[in-house]
Amino acid sequence: MANKITQLNVLLILVLLSCQAYGQKNFSWELQQQDPNISIYTRKLQSSDFLQTKAEISLNFSAAKILALMPSGEKCWRWQKRCKLTRLIQKESINEEYAYTVINLPWPLKDRDFVFHSQLQFDTMTNTTTITLKPSSNSYPIDKKYIRGQANISYAVKAITDSSSHLTITMHTEFAGSIMPSILNSKLVEELHKDIKSLILLLNREGN
């Protein structure tokens, strides 16, 4: 009898673990917009009403040139037009810091602020530099002028040759507040595409 109970308990645990894994499964990426050298995708997440976005970009510029336009969090990146201000909170090392950012949303939406833990890593096997931004809301006081959002973002710059690279941008943002997710979801691809075009324009202006 004891053996049967033990076997039943093991079976129940396996079923629960299986259901949990299934519940956490994300949806497949769906291509939303494709230009020469730019592909933008979205997908649903089980844990959020806001879409996750991903962009794959081929660039005829060196990785160093691209990374130069992604500087330390002391100011907004010039190609991100929605960025209102960025402030460095704490510099842990040359590759790690905490930063505060405010993004401008169109009226009548209230602007959002974010606190990021930023880390830079280089993979010698793939020749890829990755900047990862994760939420760290408790690292900076709440400002009542804004609504505090949370975002997970990564920028992976892979050097192909001395003058060509591949950039992968992946982001998911919880905008918080009372806004309907469908309103912002409908704008995510357009806004990301604008930023990418702005980045390419800056790269072309400043040369290889």
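**Strand β6 and its surroundings**

Eight bridges connect strand β6 to strand β7 (residues 128–135), and the two run antiparallel. Here strands are DSSP runs of E with at least two residues, numbered from the N terminus, and two strands pair if DSSP finds at least two bridges between them. Please note that this is a predicted model, in which local features need pLDDT of at least 70 and side-chain atom pairs count only at pLDDT 80 or more, while totals for chains, interfaces and linings use all residues. Residues are numbered from 1 along each chain as its sequence is written, and side-chain values use heavy atoms, with hydrogens and water left out.

Let me stay with β6 and β7. Q121 stands opposite T130 in β7. The hairpin of these strands has four residues between them, and there N127 takes a positive phi near 55 degrees.

Strand β5 (residues 96–103) pairs with β6 (residues 112–123) in the antiparallel sense over eight bridges; Y98 has H117 in β6 as its bridge partner. Strand β8 (residues 147–148) runs parallel to β6 and is joined to it by two bridges.

I turn now to the aromatic rings. The structure holds six aromatic pairs, where rings of Phe, Tyr and Trp (its six-membered ring) pair if their centres lie within 6.5 Å, and planes under 30 degrees apart count as stacked, over 60 as edge-to-face and the rest as tilted. One of them, F114 with F116, is stacked, at 5.9 Å centre to centre and 10 degrees between the planes. Are F114 and F116 buried or exposed? F114 is buried because its relative accessible area is 4%, and F116 is buried as well, at 8%; the cut-offs are under 20% for buried, over 50% for exposed and partly exposed in between, with a 1.4 Å probe and protein chains only. Ring pairs also link W77, W79 and Y155 into a cluster.

Finally, consider S48, which lies in strand β3 (residues 48–59). S48 counts as buried because its relative accessibility is 12%. A polar atom of the S48 side chain lies 2.9 Å from the backbone nitrogen of F50. Which residues does S48 touch, not counting those up to four places away in sequence? They are H172 and E174, where contact means heavy atoms within 4.5 Å.

Technical notes
Polar contact = N/O pair within 3.5 Å; in protein donor to acceptor, adjacent residues only side chain to side chain.
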